[in-house]
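Have the structure open while you read.

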Amino acid sequence: MAHPSTWLTTRPAGLYCEPGGFYLDPHSPVAKAVVTHGHSDHARPGHGAVLATAETLAVMHARNAAPASERAIRYGETLSVNGVAITLQPAGHVLGSAQIVLEHAGSRAVVSGDYKRATDPTCARFIPVPCDVFITEATFALPVFRHPPAAAEIARLLASVALFPERTHVVGCYALGKAQRLIALLRQAGWDRPIFLHGALQTLCDLYVELGIELGELRPVAAGSGLAGEIVLAPPSAIADRWARRLGDPVVCAASGLMLVRQRAKQGGVELPLVISDHADWPELLSTADDVAAPEIWVTHGREDALIHALGQRGIRGRALRLVGRDEEE
Amino acid sequence: MIPFANLLERLLFSPGRNAKLALLRRYFETVPDPDRGLALAAIAGTLDFPAAKPALIRELAARRTDPELFALSYDYVGDLAETVALMWPTEGDDTAPSLSDVVSGLRDTPKSGLPALVESWLDACTPAVRFALLKLITGGLRVGATARLAKLALARMSEGRVDDAEIEEIWHALAPPYEPLFAWLEGKGPRPDPPGRPVFRPPMLANPIEEPDLAALDPADYVAEWKWDGIRVQLLGGAEPRLFSRAGEDMSASFPDIVANLAHPAVLDGELLVMREGEVAPFADVQQRLNRKAPTRAMLERFPAHVRLYDMLFEEAEDLRALPFTARRRRLEAWFARAAPARADLSPTIGFTGLDQLRGLRAGAREAGIEGLMLKRADSPYVAGRPRGLWWKWKRDPLAIDAVVMYAQRGHGRRSSFYSDFTFGVWDGEALVPVGKTYSGISDRELAFLDNWVRHHTVARFGPVREVEKSLVLEIEFDGAQRSTRHRSGVALRFPRIARLRHEKPAAEADTLANVTRLIPGEGP
């Protein structure tokens, strides 16, 4: 058996599979890449050929990051490239997000991309795959991050809407994944009013609907419209901006795992922080390490020191890849 | 504890001052005694638990969490109470003790019993309540509500019966849980006046003056004085003489040489200095005397204290604060001529005919070892706080150097989890030596840039400190340079702030230690 460390290396553009001749989520343009999901720090524009799920490729098209050529495969389907077997399995992060399972010379490595274990009505649930090396993110790898159930946070949002019926609740959220998950969670909680969208969120919401995710009635925010009592979703950059102020006395909310840290929430001028994350929290990172039973775990980005320390206490060898070009947050 | 925890949470996230005032007022109106007074004390910083200190929290954290994970978490979160509240290993329910139970528990439990008591509370509480509880122990709530704001909320609560200046006036004679204060505010009791006790009066503070203010003022309305480089004090003369800091801290024990000379009943405002043979010593000498609860005879001789008086608030029992500045000044001069206290003199007023003459005097201030100028409206009453337009401070221009970022640490409060605290250095031959550390002066945008820059240019880590590539130049403004053992350069800068980022400047062209040493008073060319 050839240990994955002999055939998976880090190069300036990112993680590279030597025998396969392809990169995994490279952060600059390369000839061949396998991409876990559509977030811009994982799916960069300008690649030659990309292998990913059909949904991830659709997202790349919607974001003008389409590669020159592409190949879609389904979850569980296996493709062999130069003696490397590539299988994608759900990562539970956003629609189409996948773990990349690589098998070569008798050993197996899993590149998780970003993932979470909590249920999400907009994407397939994470499936743990036993492996020799598990390559994980560590965005929320500190014991302070224990994310509450998302439904409880949605209940807080709806309680605030009931408390301030004359104000507009503007929720800052990422355009891919978080926005659609919030909408789906609101629908599950019984919010059947139209949900209003900042223009930057429209394209990906439309794409989700096209791909079969029910989101209910969505409307664009019209200029100068009074939206008292309504819920508006907007990218994080817009909530503290003039854009939000024109809504008239908005309650500025933000949905992110970082909202757990008070001063972090405060820094963004947020009045109602909602702790809703699409990344694994600390207990999920550790239980995933147990589930995949890998003797060795590599950490791509985030708070790797703490995770490697805690893995060491469980007899798991941790290694920091310190990949550049990953967003600090989500 | 739950209403108090909710109050802290809402205060922290409420963006506006009016919203915070409304929250405080509602809390004071709806929560009964003594809890509301204890919350007021927590906000105003007047609770003190001699046996329950942050060390207790660290001890409990060490007992119940992994030390390495705790250190990394604390470094990220930037706040001890919040770190422990979030990572405490239990889920907690809402069987929290009341605020008064917590306060009396922290105050009355013998030190040996405190860890077990606090541990049981932490196990029972949710993270939000744990946070409030731990904040009581660390002090400094950092929820964007000050003592001042709380007093304004109290004044509003009285519905016009009491104004905030009156609350300020009696504040220093009151103690938690402030039941007579609340009774008075609600019209159910008399004004809780302190009979015959020495009382600190909140001082009048000056605003920094900017060019537009200068252009707008009529010099004929103002009196000018030097701005002395010492610390602001209030002196209470009489049978029980006292020396207070500007914040009302009683410093009498640290300055017996001053207090011994205050037999005449009066309340005076002035600057505490160290003086030798009529010469004002550098500020570093005053620092030698601060925080020495019982100075030795040698200290008193080496660093003789002195007060330079510039205002009088009371003469005997007569309140002079409503009088115009010039009238108070005449009363001060007459009093000084009669009382003639040792180790004191009067801050002279500076005659001037126009702004240009003042500009010239200010330009020479650094040379003369003076911090700048004060401009006081001749007709200004003595108003507590920092009223606009009455008193101005016009500091000498700062000095500036170009220094290279050497180390970075995460900040606290608003800057928590950002690399925002920078140690910077200058060249000593081929090597960089640190001369200062600062987090001030940077905009939010620069902060985001610097944080990201640090993450991508780290060359080594020492616990929470990151050593960075020596390539980024900062223009540092500072008030002065002095000899110090704090940095290995032997030099420290006073009040350094980051004036701007100089991306275009190569690190090799930053300033040298020799350039900085030249700026130390008495060591220049």
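Strands count as paired here if DSSP finds at least two bridges between them. Keep in mind that this is a predicted model. Two topics follow: a sheet in chain A, and a helix pair in chain B.

**The sheet in chain A**

- Start with the open sheet of six strands in chain A, which runs in the order S14-S13-S15-S12-S16-S17 with parallel pairing.
- At the edges sit strand S14 (218-220) and strand S17 (272-274) of chain A, each pairing on one side only.
- On average, and ignoring direction, neighbouring strands of this sheet are turned by 30° against each other.
- Strand S12 (residues 169-172) and strand S15 (residues 231-234) of chain A run parallel and are joined by four bridges.
- To find your way in that pair, look for A:Gly172, which stands opposite A:Ala234 in S15(A).
- Helix H3 (residues 150-163) of chain A packs on the sheet, where it touches S12, S15, strand S16 (251-255) and S17 of chain A.
- The direction of helix H3 of chain A makes about 155° with that of S17(A).

**The helix pair in chain B**

- Over in chain B, the axes of helix H4 (residues 54-64) and helix H9 (residues 127-138) come within 8 Å and cross at roughly 135°.
- H4(B) and H9(B) are therefore oblique to each other.
- On the H4(B) side, B:Pro54, B:Leu56 and B:Ile57 meet B:Leu134, B:Ile137 and B:Thr138 from H9(B).
- Sorted by type, the residues of the contact of H4(B) with H9(B) come out as five nonpolar, one polar and no charged.

Notes. Residues numbered from 1 in each chain as written. Chains lettered and ligands numbered in written order. Predicted model: local features only at pLDDT ≥ 70, side-chain atom pairs only at ≥ 80, totals over all residues. Heavy atoms only, no water. Axes fitted to C-alpha atoms, helices over the stretch in contact; angles between N-to-C directions. Parallel < 35°, antiparallel > 145°, perpendicular 65-115°, else oblique. Contact = heavy atoms within 4.5 Å. Nonpolar A, V, L, I, M, F, W, Y, C, P; charged D, E, K, R; others polar.
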